[in-house]
Amino acid sequence: FFLFFLSPQTLLHFLYNLLLKCFFTMVVSRSLTLNLGLRWELNLPILERVDKNASFDVATGYIITSDGRAINVDAAGNLVTAGRSPMGRRLYHTDKNNFAPRIGFAWRVLGDNRTVVRGGYGIFYNRIVSANGLSTMYRGLPFRRSEAFTNSRALTVATWEVPFPAGISGGGLASQGMNGDFPDAYIQQWSFGVQRELTRKL
């Protein structure tokens, strides 16, 4: 049979997944049955509703944003737009070669049902989710910046009335990002077993 499946995760961030698969069972002989299948998965990179995703681009040294900007830091430590991002709204490329074959067999060794050898093999892909690994794309520069100030008895830098004092550095800028060619993770699994009926009543 053939199955088409589209799975969106929609809150502020959008993850779409397309799944196509085809499986069938082949009776080769009275003692041998094969299960064959092929599955293809397309896991699209994350989108943000108002394009507030960003990622550090190692190739250029810029922070690229899903609204199309390339952000740099000027000599004064300010974030400035330095150009346009080549990536578009999705900040890493789509992995399009997620083909997952499946094969299984059942062999009745002596032609009866008392001794059966079974085995199988398959490739299984993993989908990265919004809050597991991708949260750095919408919780950092240039849309959110954290600053830390340390008070001492000799010098009070920040107070509740003035939590971000002017003229005092709150620390450096640090950005995180995704590999532009980030691949989907996968595993290979196999199984093999022999089943034997000891008695007809057990």
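## Starting at arginine 89

Arginine 89 is partly exposed, with a relative accessible area of 39%. On the scale used here, buried means under 20% relative accessible area, exposed means over 50%, and partly exposed is whatever falls in between (1.4 Å probe, protein chains only). Keep in mind that this is a predicted model, where local features need pLDDT of at least 70 and side-chain atom pairs count only at pLDDT 80 or more, while totals for chains, interfaces and linings use all residues. Residues are numbered from 1 along each chain as its sequence is written, and side-chain values use heavy atoms, with hydrogens and water left out.

What does arginine 89 pair with? It forms a salt bridge with aspartate 51, and the closest N and O atoms sit 2.7 Å apart; a salt bridge here is a side-chain nitrogen of Lys or Arg within 4 Å of a carboxyl oxygen of Asp or Glu. Aspartate 51 belongs to the loop between β4 (47-48) and β5 (54-57) and arginine 89 to the loop between β8 and β9, so the pair ties together parts that are 38 residues apart in sequence.

The side chain of serine 66 reaches the backbone oxygen of aspartate 51 at 3.1 Å.

Serine 66 itself is found in the loop between β6 (62-65) and β7, and with 3% relative accessibility it counts as buried. Setting aside neighbours within four places in sequence, serine 66 is in contact (heavy atoms within 4.5 Å) with Asp51, Lys52, Asn53, Gly88, Arg89 and Leu91.

The structure holds 4 salt bridges. One of them joins glutamate 41 and arginine 39, with the closest N and O atoms 2.7 Å apart. Are these two residues buried or exposed? Both glutamate 41 and arginine 39 are buried.

Another joins arginine 114 and glutamate 197, where the closest N and O atoms are 3.2 Å apart. This pair links distant parts of the chain: arginine 114 is in the loop between β9 and β10, glutamate 197 in the segment after β11, 83 residues away. Arginine 114 is partly exposed at 22%, and glutamate 197 is partly exposed at 26%.

## Ring against ring

There are 3 aromatic pairs in the structure. For the terms: rings of Phe, Tyr and Trp (its six-membered ring) pair if their centres lie within 6.5 Å, and planes under 30 degrees apart count as stacked, over 60 as edge-to-face and the rest as tilted. Tyrosine 92 and phenylalanine 182 have ring centres 5.8 Å apart and planes at 80 degrees, so this pair is edge-to-face. Tyrosine 92 is in the loop between β8 (79-84) and β9 (95-108), phenylalanine 182 in the loop between β10 (115-125) and β11 (186-196), so the pair ties together parts that are 90 residues apart in sequence. Tyrosine 92 counts as buried at 6% relative accessibility, whereas phenylalanine 182 is partly exposed at 25%.

Tyrosine 125 and tyrosine 186 form a tilted pair, 5.6 Å centre to centre with 45 degrees between the planes. It links distant parts of the chain, with tyrosine 125 in strand β10 and tyrosine 186 in strand β11, 61 residues apart. Here tyrosine 125 is buried, with a relative accessible area of 17%, and tyrosine 186 counts as partly exposed at 46%.

## The chain as a whole

How many helices and strands does the chain have? It has 0 helices and 11 strands, taken as DSSP runs numbered from the N terminus (helices H or I, at least four residues; strands E, at least two). Strand β7 (residues 69-73) and β8 pair in the antiparallel sense over 5 bridges, pairing meaning that DSSP finds at least two bridges between two strands. Asparagine 72 has valine 80 in β8 as its bridge partner. The hairpin of β7 and β8 has 5 residues between the strands, and glycine 77 in that hairpin takes a positive phi near 85 degrees.

Buried residues make up 29% of the 202 residues in the chain. Among contacts with a separation of 6 or more, 58% come from residues 24 or more positions apart. The accessible surface of the chain comes to about 13400 Å², and 58% of it belongs to carbon and sulfur atoms; accessible areas come from the Shrake-Rupley method with a 1.4 Å probe, and for residues only the protein chains shown count as cover.

Technical notes. Polar contact = N/O pair within 3.5 Å; in protein donor to acceptor, adjacent residues only side chain to side chain.
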